[in-house]
Amino acid sequence: MGMTITEKILAEHAGLKTVAPGDLLEVKVDLVLANDITAPLSIKEFKKAGAQKVFDRDKVVLVPDHFVPNKDVASAEQCRMVRDFAREQNLPHYFEVGEMGIEHALLPEQGLVLPGDLVVGADSHTCTYGALGAFATGVGSTDAAAAMISGTAWFKVPETIKFVYRGRLRKWAGGKDLILYTIKDIKVDGASYKAMEFSGEAIENLSMDDRFPMCNMSIEAGGKNGIIVPDRITEEYVKSRAKRAYQCYTSDKDARFGKVREYDVNRIEPQVAFPFLPENCKGISEVGNIPIDQAVIGSCTNGRIGDLRIAAAVLKGRKAAPYVRLIIIPATREIYRQAMKEGLFDIFLDAKAVISTPTCGPCLGGYMGILAKGERAIATTNRNFIGRMGHKESEVYLSNPAVAAASAVLGRVAGPEELGL
Amino acid sequence: MKFTGKAFTFGNDIDTDVIIPAIYLNTSDPEELAQHCMEGADQHFSVRVKQGDVIVAGKNFGCGSSREHAPVAIRAVGVSCVIARSFARIFYRNAFNIGLPIVEAPEAVDGIQEGDEIEVDITGGTIRNLTKGTAFTCKPVPPFMQELLDQGGLINYIMKKKGNRR
């Protein structure tokens, strides 16, 4: 019996030749990640356990990105705790304001996660790195602390669900739409405890900036990890960034999949997830009249250069509708600089957008665009739960960057086609 | 391990933003987090809930973010146990790791209404609805996980084990 890519990476890190779904393993981790919200709890547990040193200072990454630059005194205290720990442990991969970006855009960009790696992160969107052909999963702060101390973690080998995407993407549809459509199909717990492997012709033709959002949102279907077998597009992305050796795994022809779901991509139009769950998706042609107060383009899901280029293509020569706040957040400094070089900032500024320093900010209702009671936002983020971006009685609609940009211009949820694009 | 308390019922897919909105994540102090526990679903939960009370919920409880603040807030507000039809994966792990007992028991969820007096025995694997006089079975929590709960979480458990070895 063959193995899936997920099983192979877990087996390799457990020092085993083969593993099967349901096996309990102790694995070595290549990287442990935490941010300004989750690291303080990890550090408390680390100290409580009486630990002196992290297992390997090159393999512990701390990225204050959620409420940074500090949004208030309490956040400042949390960040200081993370900074002090980084200093005490002499961690080379601590990213201060001025170096930081949104963690799940930053780590791949910096070559810190590579194909074949096993990564645990105290952040649910750690699964993003599956787009590189790595096994990456979100854990709590205590599990992260244990991994920082021991360099290991325990896992049950998940069964893999294979998703096959046939055909070619429609105009203005991207990876975000494929994953939203998939979540609509299998629901928010449809992949609970499972690995989600994305494959097929449409995935093979997908850029990295469209692959990251797919793996990123696998947690929104309850998945343990999302993963894409590395190919030439992955290699192209990784080769200039990698500072160490890495290994590309594939799924065997006779690998065992718990389920296989197939989709005809030609039929998937840009999706919009209505409140209050990512599974509540409708095609853009079916949304009806939904006025908005704010549009957010950014986050670990869709704040990459490819996303900003798409937003710019829609916003060029246009302006946000009156009384609509358009907030654009490049996910890292490299993306920020690139967007600036390409002249995207001029397009955004002319469109009445504000351009923020990299931060998770509004995505989780932190700051930099909080919604008042009864307000509505369209966002390229990943969650539209009750109160996610602010007041309990505010609403978030999730979409790709093209739809978010067009919606900002029209003042209601709408696709670029309505602008004649 | 046995707990007795009043049931507070919630629906399906209760996410971690409902359990503890991110606006309060600028602290990791359990007492502060407790004040805002379940605020997204019930503004006054933290005032109404008494020490020992039980949360009873539908499927996929704790979905969304990996924030350990969610089970920490539930524990700190005085909830003795969460019974749900099913739990999201990261929440499940986090709950045990910080010492919050949780039980998957779909039949019990169907047979419990808001305000019912509930007795949960996670060692024996039984849930009694004292108000209605009904009983349900659930999978007992294995001994090592109970010890983990007894110790108040994974780190204490590991430290105790280390201590015993010396």
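This is a predicted model: local features need pLDDT of at least 70, side-chain atom pairs count only at pLDDT 80 or more; totals for chains, interfaces and linings use all residues.

Visitor: How many bridges link strand 2 of chain B with strand 3 of chain B, and in which sense do they pair?

Guide: Strand 2 pairs with strand 3 (residues 81-84) of chain B over 4 bridges, in the parallel sense. Here Val54(B) has Cys81(B) of strand 3 opposite it. Between strand 2 and strand 3 the chain passes through helix 4 (residues 69-76) of chain B, a β-α-β crossover that is right-handed.

Visitor: Which residues of strand 2 of chain B point one way and which the other, and are they buried or exposed?

Guide: In strand 2 (residues 54-57) of chain B, Val54(B) and Val56(B) point one way, while Ile55(B) and Ala57(B) point the other way. All of them are buried.

Visitor: How many residues of chain B are in contact with chain A?

Guide: Interface size is often expressed as the accessible area lost when the parts come together. Here we can count residues: 33 of chain B are in contact with 41 of chain A. On the chain B side, the elements giving two or more residues are helix 1 (16-19), helix 5 (89-98) and helix 8 (154-165). Helix 5 of chain B supplies the largest share, 6 residues.

Visitor: What classes of residue make up that side of chain B?

Guide: The side of chain B that touches chain A has 13 nonpolar, 12 polar and 8 charged residues.

Terms used. Residues are numbered from 1 along each chain as its sequence is written. Chains are lettered from A and ligands numbered from 1 in the order in which they are written. A residue is buried if 20 or more other C-beta atoms lie within 10 Å of its own, exposed if 12 or fewer, and partly exposed in between; C-beta atoms are placed from the backbone. Two strands pair if DSSP finds at least two bridges between them. A crossover is right-handed if, with the strands pointing away from the viewer, the path from the first strand over the helix to the second runs clockwise. Two residues are in contact if their C-beta atoms, placed from the backbone, lie within 7 Å. Ala, Val, Leu, Ile, Met, Phe, Trp, Tyr, Cys and Pro count as nonpolar, Asp, Glu, Lys and Arg as charged, and the others, Gly among them, as polar.
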